[in-house]
Amino acid sequence: MPEARRGAGGRGRRAQARRPDHRALRRRDHHHHPEPSMKPPSHPATSPDGAATDRPDFGDPTVQPVPASVVEQVDAADATLNNPKNAVIALGSNLGNRLETLQGAVDALEDTPGLRVKAVSPVYETEPWGVEPGTQPSYFNAVAIVRTTLPPSSLLERAHAVEEAFHRVRDEHWGPRTIDVDIVSYQDVLSEDPDLTLPHPRAHQRAFVLAPWHDMDPEAQLPGRGPVAALLASVAREGVAPRVDLELRLPE
């Protein structure tokens, strides 16, 4: 994910957590097969001039809301969790098929035992931070709200496993990446644990996190920082634009 455009000190080494060892992704069927990456659409979308785009044919989110049947399925699945906690997860990609990768990450989160994806935000396109203009593709960013019985450390482990499944590498400072999966907040937890800082130490400065989160939940609060709406009003939004032509699907 790109750093905040103002006051964040640029993109650096992941400050939220020290990367722990992680296990292979597992699907919810418990057969312990590695999580497959998402298959590309059978008929790639094209732009008006006929050029291929990285937009799967998901439709316009302003025209096609999440079907009530899907919402009911998610709510029913959530009822199987024992004392779940709310968590907010930020996603970002600027390599490969960005939208497909974000969708694959959402689906992989849903396939996590003890976790249900409750909502996914609109997609935003964001200019990279800390590099010369034009040297990297722009980012697609989104936010997911999940309910989970996993403790924060296990949720972080899962986030890292999702990143590895999509071949995330950290070889270059401010380098491009196939996927970022960051825990923005976990319930009302405030923690300065060096392994996992909660909430994310720069989330309050990042329009590409705050804007999609606010779109999804206008009354949201960032623990220790206050209303997301007020935080969003205080940060620069230059280079952070909604992509109303793109959509992430809530897992069925």
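Pro-176 comes out as partly exposed because its relative accessibility is 23%, where partly exposed covers the range between buried (under 20% relative accessible area) and exposed (over 50%), using a 1.4 Å probe and protein chains only. The residue sits in the loop between α3 and β5 (180-186); helices here are DSSP runs of H or I with at least four residues, strands are runs of E with at least two, and both are numbered from the N terminus. Setting aside neighbours within four places in sequence, Pro-176 makes contact with Asn-94, Leu-95, Gln-136 and Tyr-139, contact being heavy atoms within 4.5 Å. Leu-95 is 81 residues away from Pro-176 in sequence, yet the C-alpha to C-alpha separation is 6.6 Å.

A word on the model itself: it is predicted, so local features need pLDDT of at least 70 and side-chain atom pairs count only at pLDDT 80 or more, while totals for chains, interfaces and linings use all residues. Residues are numbered from 1 along each chain as its sequence is written, and side-chain values use heavy atoms, with hydrogens and water left out.

With a relative accessible area of 29%, Pro-201 is partly exposed. Its C-alpha atom is 8.5 Å from that of Val-184, which is 17 residues apart from Pro-201 along the chain.

Next, the strands around β4 (139-148). Nine of the ten residues of β4 are buried, so the strand is mostly covered by definition. Strand β4 runs antiparallel to β1, and nine bridges join the two; strands count as paired if DSSP finds at least two bridges between them. With β2, the antiparallel pairing of β4 takes five bridges, and with β3, also antiparallel, three. Ile-145 of β4 turns up as the bridge partner of Val-88 and also of Ala-119. Tyr-124, in turn, has Asn-141 of β4 as its bridge partner.

Twelve of the 13 residues in α2 are buried, among them Arg-98, Glu-100, Gly-104 and Glu-110. What covers these buried residues includes β1 (85-93), β2 (115-120), β3 (124-126), β4 and α3 (152-165).
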